[in-house]
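Open the model in your viewer and keep the selection tool ready. This tour goes from charged pairs to a helix contact.

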Amino acid sequence: MTDKHSIDDSLAIMEKLRDPDTGCPWDLKQNFKSIVPHTIEEAYEVADCIEKGELSELKSELGDLLFQVVFYAQLAKEQGLFDFNDVVSTLNEKLVRRHPHVFAEKTTLTEAELSQQWQAIKAQERAQKAPTQQLSLWQDIPDVMPGLTKAKKIQQRVASLGFDWPSYQGALDKVAEEVGEVKEALAHDPYSEHSAEELGDLLFATVNVARHIKRDPEQLLRSANAKFMARFEKVAAYLSERGQCLETASLEEMDSAWEAIKKHPQ
């Protein structure tokens with residue numbers, strides 16, 4: 001097979017993989033639901049590649065993610081639902097519709113005005129999707145969305161309606177309030193449902209602070225995870241240099257190593 005360079009070639013390859021007589025057994029047994037975990041995994045691999053600065057690998061990872069779209073489009077085509085061109089057409093229409101300041105009015109908007117316009121357009125789209133049903137504020141926020149991202153989406157939605165702190169300070173004060181309530185709940189019964197509920201409230205409030213300072217909570221937590229893992233590896237190396245190991249070191253020894261690494265991170 002010669003090198004392929006167009007999306008038409010990708011679609012042809014996908015159709016061949018799904019050929020009932022000569023296709024790949026693995027591809028043939030897939031369906032919409034079975035591919036979902038792979039789609040999520042590929043999206044995270046793209047994000048990981050970018051956050052690690054491994055941009056030389058980005059082309060490959062984006063290709064893997066695009067393959068998911070091609071796969072879904074082939075399944076839909078087989079069922080007479082839509083095809084890849086319909087996906088592209090819908091995307092293009094949506095991009096133009098959601099950017100009237102670029103494609104219609106040709107006006108310059110502030111960040112606040114852009115956000116207000118975006119939420120208004122999204123609300124109109126929700127109304128058009130279910131004109132005969134009672135509208136839900138949350139109907140376009142997926143149930144399976146990661147918790148931190150979903151919290152941010154919920155907060156953005158109510159903020160567009162005017163229910164929001166005027167600045168990060170109000171959100172930060174709420175975090176302090178929730179910390180107090182967590183302490184009180186834990187003191188009463190650390191394993192109760194009430195304690196769990198208060199911890200959830202604290203996480204939700206923390207997301208609000210991140211949103212106010214224009215940071216993505218999922219990205220912040222990923223960065224914190226990476227920071228912790230890197231530092232703990234240094235703790236292991238620190239102990240090893242002193243003839244110790246994590247398996248036999250006491251908590252006090254690990255904590256001492258942790259503090260030493262914090263003071264001299266290099």
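A residue counts as buried under 20% relative accessible area, as exposed over 50%, and as partly exposed in between. The model you are looking at is predicted.

**Stop 1: D143 and K150**

Select K150. Its relative accessibility is 23%, so K150 counts as partly exposed. Is D143 buried or exposed? D143 is exposed, at a relative accessible area of 71%.

**Stop 2: K52 and D48**

Move to K52 and show D48 with it. Their side chains form a salt bridge, with N to O at 3.2 Å. K52 is exposed, at 53% relative accessibility. D48 is partly exposed, with 35% relative accessible area.

**Stop 3: R98 and E125**

Select R98 and E125. Here the side chains meet in a salt bridge at 2.7 Å, N to O. R98 sits in the loop between α5 (84–97) and α6 (100–103), while E125 belongs to helix α7 (residues 111–129), so the pair ties together parts 27 residues apart in sequence. Check the burial of each partner. R98 is buried, with a relative accessible area of 13%. E125 is buried too, at 11%. R97, R98 and E125 are linked in a network of salt bridges. A search of the whole structure gives 14 salt bridges.

**Stop 4: helices α8 and α11**

Color helix α8 (residues 147–159) and helix α11 (residues 217–241). At what angle do their axes cross? They cross at roughly 150 degrees and come within 8 Å. An angle over 145 degrees counts as roughly antiparallel, so α8 is roughly antiparallel to α11. Show side chains at the contact. From α8, pick G147, L148, T149 and K152; from α11, pick P217, E218 and L221. By class, this contact has three nonpolar, two polar and two charged residues.

**Stop 5: E218**

Stay on helix α11 and center on E218. Which residues does E218 touch, leaving aside those up to four places away in sequence? They are P146, G147, L148 and T149. E218 is buried, yet it has no salt bridge. A salt bridge needs a side-chain nitrogen of Lys or Arg within 4 Å of a carboxyl oxygen of Asp or Glu.

Notes: Residues numbered from 1 in each chain as written. Predicted model: local features only at pLDDT ≥ 70, side-chain atom pairs only at ≥ 80, totals over all residues. Heavy atoms only, no water. Axes fitted to C-alpha atoms, helices over the stretch in contact; angles between N-to-C directions. Helix = DSSP H or I, 4+ residues; strand = E, 2+ residues; numbered from the N terminus. Parallel < 35°, antiparallel > 145°, perpendicular 65-115°, else oblique. Contact = heavy atoms within 4.5 Å. Nonpolar A, V, L, I, M, F, W, Y, C, P; charged D, E, K, R; others polar. Buried < 20%, exposed > 50% of the residue type's maximum accessible area, 1.4 Å probe, protein only. Lys, Arg positive; Asp, Glu negative; His and termini not counted.
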